[in-house]
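Here is a short report on packing inside one protein chain. Please keep the sequence and the coordinates at hand while reading.

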Amino acid sequence: MNTNRRLCLVLGDQLCFDLASLTELDSEHDTVLMVEVMEEASHVPHHPQKITLIFSAMRHFAQALQQRGIRVQYVTLDDPRNSGSVPSELKRWHSLLQPEELHLTECGDWRLEQSLRDCGLPIQWHDDTRFVCTRGEFSAWAEGKKQLRMEFFYREMRRKSGLLLNGDGTPVGGAWNFDEDNRKALPKGVKAPYPARFSPDSITREVISLVRERFSSHYGSLDSFDYPVTHADAQVLWEYFLDYGLAGFGDYQDAMASNEPFLFHARISAALNIGLLDVRQLCSDVESAYWSGRVALNAAEGFIRQLIGWREYVRGVYWLKMPDYADGNVFGNTRALPEFYWTGETNMNCMRHAIGQSLEHAYAHHIQRLMVTGNFALLAGIIPSQICEWYLAIYMDAFDWVELPNTLGMVMHADGGYLGSKPYCASGQYIKRMSDYCRDCAYKVSESTTDNACPFNSLYWHFLMRHRDLLRGNQRMGMIYKNLDRMPDAKQQALWQRGQTLLARLDAGESI
């Protein structure tokens, strides 16, 4: 008699006991399969801390399943029988165990899901119920719309979840969105909470040794790895944020500061994206913090909007538009990603800080990604696929479903405005307003056309000039182009020439 009734494949970003494909697990007759494979760890040069997080969390999750009496077949990266890819390992174990059924929850990567759907095995697929909005629900919401807007989707998710609603269904505080209250720079004297840290246990130390050996060519440091790799530690990190970070998150979520990589941010996105935390519980906890008077409404609403608004929205766009979405390049960019994105070796202080902390911690918060490293890539005309690969590789929380729409759509506007209504472009004045980076920079943010002028200033106007035909019809860009039109010809020419000089240096492989 075949005792292997069901084989359930659990991927490295599906480490959730309530995963849909595990809900009817029979510990006597079913088996969970988990595999560490080189293809997933190296299809882009993932940050060593990211690989460490996923492999260590996988091993801890497998151990926790076994402690619950569940049979687990776990394949480590250095197992000599490891065939190197998820589909080939699934086929190998299907042949070995001869299960009656194969079960799998939807993937977070179109490439991987397609390879599994094409592998010739009779997989029973399950919706990923960790998200508030299913793929089908998003598709139904988007049907017939030429352009999508996150704000309207977010309101639907608020109604569906019931979060921060009055009894009559209206939003608490009289508005759906308090983003205008969440754009303050960090005042002098305001100190961010000391970041919570988690020392590697024996399992994590073993993984670190493996990663050092196998991925020594990947960019990024392993020395400062201190992330939670279990559900319990992820919960500790979350509760620490609720106690010490959330109150300041609302006001200062867009702020940047030298030598402050985390500020009031939760640092829970990686844990959430691999299944160590539950989005509904996080939102419930934040709502409770508001109702109990512990945090202001702008902090609670802003955090909830990030989770059930933007996070769910980009996932919906990803699965609605893939695979063609990944090829978007509306500006026709042809410039290669500069080498300093991988090293941090640049004279631009804001870029050096944002890239440096990304290499050290596999982390940067959303404004550093959008308005520093992303803004530069947009203004410089970097090939979208190359900057997308960089974000996917360098950040611990980056999985294709969330990274690609954020980078290609929001950062690069390469989808022509499908995901966001305008390019998020800015001069160095925005960075000066939101950070202290300009204070110690080799370039002068007050200058635009001189040799020591902030590169963001001339590149901003150069971008607007070279894409005038494409962008000036955008309602949200109208005032900017009126300002450009009023600018004296000589000033426009000087800005153009300074931009040309900087781009020529990039094309020559120079740092700036």
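**Nonpolar cores**

This is a predicted model. Its largest nonpolar core has 160 residues. Those with the most contacts inside this core are Val32, Phe303, Tyr313, Tyr341, Met351, Phe376 and Trp390. Helix H12, residues 297-321, gives the most to this core, with 13 residues. Another core lies apart from the largest one and has 19 residues. Leu7, Leu9, Leu11 and Val35 are among them.

Which residues does Tyr341 touch, leaving aside its neighbours within four places in sequence? Tyr341 is in contact with Met351, Ile355, Thr373, Phe376, Ala377, Ile387 and Trp390.

**Helix H15**

Helix H15 runs over residues 366-380 and has 15 residues. From first C-alpha to last, H15 reaches 20 Å. That is close to the 21 Å expected at 1.5 Å a residue. Still, H15 has a kink of about 45 degrees, centred on Gly374. Buried residues make up 14 of the 15 in H15, so the helix is largely enclosed by the rest of the structure. Gly381 follows H15, and its phi is positive, near 70 degrees.

**Helix H21**

Which residues of H21 are buried? In this helix, residues 478-486, they include Ile480, Tyr481 and Leu484. These residues cover an arc of only 95 degrees around the axis, so they sit on the same side of H21. An α-helix has 3.6 residues a turn, so residues three or four places apart point the same way. The face of H21 turned away from the buried side carries Met479 and Arg486, which are exposed. The cover over the buried residues of H21 includes helices H19 (455-466), H20 (468-471) and H22 (489-507).

**Cysteines**

How many disulfides does a search of the whole structure find? The search finds 0. A disulfide needs two cysteine sulfur atoms within 2.5 Å.

How values were computed. Residues are numbered from 1 along each chain as its sequence is written. This is a predicted model: local features need pLDDT of at least 70, side-chain atom pairs count only at pLDDT 80 or more; totals for chains, interfaces and linings use all residues. Side-chain values use heavy atoms; hydrogens and water are left out. Buried means under 20% relative accessible area, exposed over 50%, partly exposed in between (1.4 Å probe, protein chains only). Helices (H or I, at least four residues) and strands (E, at least two) are DSSP runs, numbered from the N terminus. The arc is that of the directions from the helix axis to the C-beta atoms. Contact means heavy atoms within 4.5 Å. A nonpolar core is a set of buried Ala, Val, Leu, Ile, Met, Phe, Trp, Tyr and Cys residues joined through side-chain atoms within 4.5 Å. The expected span of a helix is 1.5 Å times one less than its number of residues. The bend at a residue is the angle between axes fitted to the seven residues ending there and the seven starting there.
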